[in-house]
Amino acid sequence: MFVSRREFLTSASMALGAAWRSPLWSEVGPNMPPHPGENPLLLGVDYYPDQTPEALWEEDARMMAEGGLTNVRIAEFAWALMEPEEGNYQFDWLRRALDVLHKYKIAVILGTPSAAPPPWLTVHYPDIVEVNERGERLRPGGRRFSCPTNATYRRLSLAIATQMAGAFRDSPAVIGWQIDNELTLGSSPRCYCDFCRAGFQSWLAAKYGSLENLNQSWGTVFWSQHYTDFAQIPVPLPSGADPNPGLALDYDRYQSLANASFLEEQLRMLRQTCPQHFVTTNNVGLPLDTIDLRTLYQNLDFVAFDNYPGFVDMLLEQRGQASSLGADFIPNAIALQHDFGRSLKKKPFLIMEEQVGKAGQSTFSPQPEKGQIRLWSYQAVAHGAMGINYFRWDTATFGAEQYWHGMLNHDRSKSPAFDEIIQTIKELKSLGREVLYAPYVADVALVFDYDSSWALKIQPGHYALRYGNQITSWYGAISPAHTGIDVIGPADDLENYKIVFAPVAYVITEPQAQKIRSYVENGGVFVANFRLGVKTESSQIVHNSLPGLLRDVMGVTVADYVPIYSLKQAVKFSSILAGADGECGIWADVLNPQQAEVLGTYTSGQYASRAAITLHSFGKGKAVYVGADLTGPSLARVVRNFTRMAGVRPELEAPAGVEFTVRRLGNKQWIFLLNHTPQRQMVKLPGNFRDLISRQPETGNTELAAYGVRVLEAS
Ligand code: GLA
Ligand code: ZN
């Protein structure tokens, strides 16, 4: 009986049970990469045969095979070569490339090319090009310039993908598909063209049913915006003043869904034509929020993310943010992204692109330090990756990414990190299956909510208030408590967690409030901070006192909410949070405790001695309101206090800059130790272990080299 890859996925996942609902890579079907059974990880490279003289393909494939690479991802930008004019499909070159790769047992992930429509297409159909937030139409010449709603663009994207699928469905080299490329990332992530406007209007008609309902939900009586026909509804382009917040939030939702439904068209086709292949797409993860990735990945087989820590480093320096964010920011941001990737589908995720050298388009990022690429690879696996594709094999001598270094330099010599990558692949293959299949342990959840993120971007309340920054700094504060973190959505189950953090939960719906209420009633610890429950789903301010629907659970009302500018504010902690006064960054919710206990008070101005932090016992659980925007060490101290209160016991105490994750299966346990600092670090181990990399026993204190890694198996 023929069992498709997807059916296998489902049945094997049931067999594996709870936390990992799917097997790691090598179980997924007939076209397995080399070393099935031994190597459950995909360890590949992003490759561009389309940009490489054919005479070099064989050498490339041979070198990849010698280096132990299992697979490539190819063709995601090769539309013009595959369809040089409309309806004229040319796959011979790609077939030859696949033959060479297959000869060396390199498996192939094929990318559909819709992220870069060719010139003939934009000349024939100029209105497929998107219109940006200022109402200007972009120009072709870069990439990611197309409108997700446009029917012609959709038709032609589906057509080329369908032809590819037909041509390669039976190719023994192909194992799966990447649809498009980084739908989340573009210079203007929303389109405001007439097609999008029409699409928005029909989406609104379906969502609201009647104009009366829509007018009511948005409060269109304000500024004479009452609509008497869906065709009158605008998109939020510049119009003399700020748009209606309800309309603007719905537009974010619509654009996010337009991208998801664009992807779904290709997905449906691939499911039919290539049932034996996996299908995914790649994106950068949090804190970028342009598309709701929960929806985007819903029907895909697994999540795939791209990871460029050095590029982030360069961006932060360029924006002058690096020193204020601190050295831990980047490792934390990557860990957050990985945890989000794993949590989205509660299964292993793939790193589709991993930085291997200096990265950039017009400027270079720093060269990763020796050991850092290995460290980033282990970090991904530690958080639940099923594989890593290094970006990219060679380095282009032409095109916009000449500065994006691959494993080979411009002259095809080995890059400074080449040997490190090959060594890492070898090590990762030798870890054995058990640790990789063992579920990641997370007793803490951090809520990331797209509605809150979008609504707050529309009306931040304080120019410096960014939802993504809040999530990242809370993640960073939870991390030193050294427990595993799942990054969940507001609709996800909370019961499995000892403590749930929901920073700036600005939009709270009735069902979400109910979920939180019963979680706390049943013994959970819920921690929120300022701007909690301010908005309804339609981005109207709630009618009752803040925190709106959660007033009973939190046991407080918000007496006043205070953006902070030149007049600073601080917080004095009471005994259980004892420690130096905390600085209050950009916001202070001043609390009136009803039944809640006060754990911190403001120190200055008209709010001196008023409550800043409260703790409320509600049912069998506790609800904490952190009204102050605490920064740095005081946020970390407060967070640690509450994780401890929730019974979260970190497996070990690691020095600053050393991260760890825990895997557990039955009574077996593993700890990944990751040193993100350029210094050696000592870590006191909580028992006897064996390092799966060095194969040496480790007890007492273990030393981590600069950027060093250990994968410890408890013995
Ligand atoms: C992205 C893309 C790739 C390439 C790399 C380097 O994340 O997916 O196509 O552009 O970054 O720029
Ligand atoms: Zn559009």
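Predicted model: local features only at pLDDT ≥ 70, side-chain atom pairs only at ≥ 80, totals over all residues.
I began at the ligand and found a polar side-chain atom of Asn181 at 2.8 Å from an oxygen atom of ligand 1. I count such a pair as a polar contact when two N or O atoms lie within 3.5 Å; within protein, one must be able to donate a hydrogen and the other to accept it, and residues adjacent in sequence count only if both atoms are side-chain atoms. Taken alone, ligand 1 exposes 290 Å², and the protein buries 96% of that. These areas come from the Shrake-Rupley method with a 1.4 Å probe, and for residues only the protein chains shown count as cover.

Residues are numbered from 1 along each chain as its sequence is written, chains are lettered from A and ligands numbered from 1 in the order in which they are written, and side-chain values use heavy atoms, with hydrogens and water left out.

**Around the ligand**

I then listed the residues around ligand 1 (a heavy atom within 4 Å); among them are Phe77, Glu182, Asp306, Tyr308, Glu353 and Trp404. By class, I get four nonpolar, three polar and five charged residues in this shell. For the classes I took Ala, Val, Leu, Ile, Met, Phe, Trp, Tyr, Cys and Pro as nonpolar, Asp, Glu, Lys and Arg as charged, and the others, Gly among them, as polar.

**Salt bridges**

How many salt bridges does the structure hold? I have 37, taking each as a side-chain nitrogen of Lys or Arg within 4 Å of a carboxyl oxygen of Asp or Glu.

I looked up Arg412 and Glu59, whose closest N and O atoms are 2.9 Å apart. The pair links distant parts of the chain, 353 residues apart: Arg412 is in the loop between strand E9 and helix H15, and Glu59 is in helix H2. Helices (H or I, at least four residues) and strands (E, at least two) are DSSP runs, numbered from the N terminus. Arg412 is partly exposed at 21% relative accessible area, and Glu59 is partly exposed at 32%. My cut-offs are under 20% for buried, over 50% for exposed and partly exposed in between (1.4 Å probe, protein chains only).

Next I checked Arg271 and Asp301, which meet at 2.9 Å, N to O. Arg271 lies in helix H9 and Asp301 in the loop between helix H10 and strand E7, so the pair ties together parts 30 residues apart in sequence. Both Arg271 and Asp301 are buried.

Arg73 and Glu76 also form a salt bridge, at 3.1 Å, and both are buried.

**Buried spots**

Why is helix H14 largely enclosed by the rest of the structure? Eleven of its eleven residues (372-382) are buried, so the rest of the structure largely encloses it. Trp376 and Tyr378 are among those buried residues. After H14 comes Gly384, with a positive phi near 115 degrees.

I also looked at Leu577, in the loop between strand E15 and strand E16. Leu577 is buried, at 1% relative accessible area. Leu577 and Val638 are 61 residues apart in sequence, yet their C-alpha atoms are 6.3 Å apart in space.
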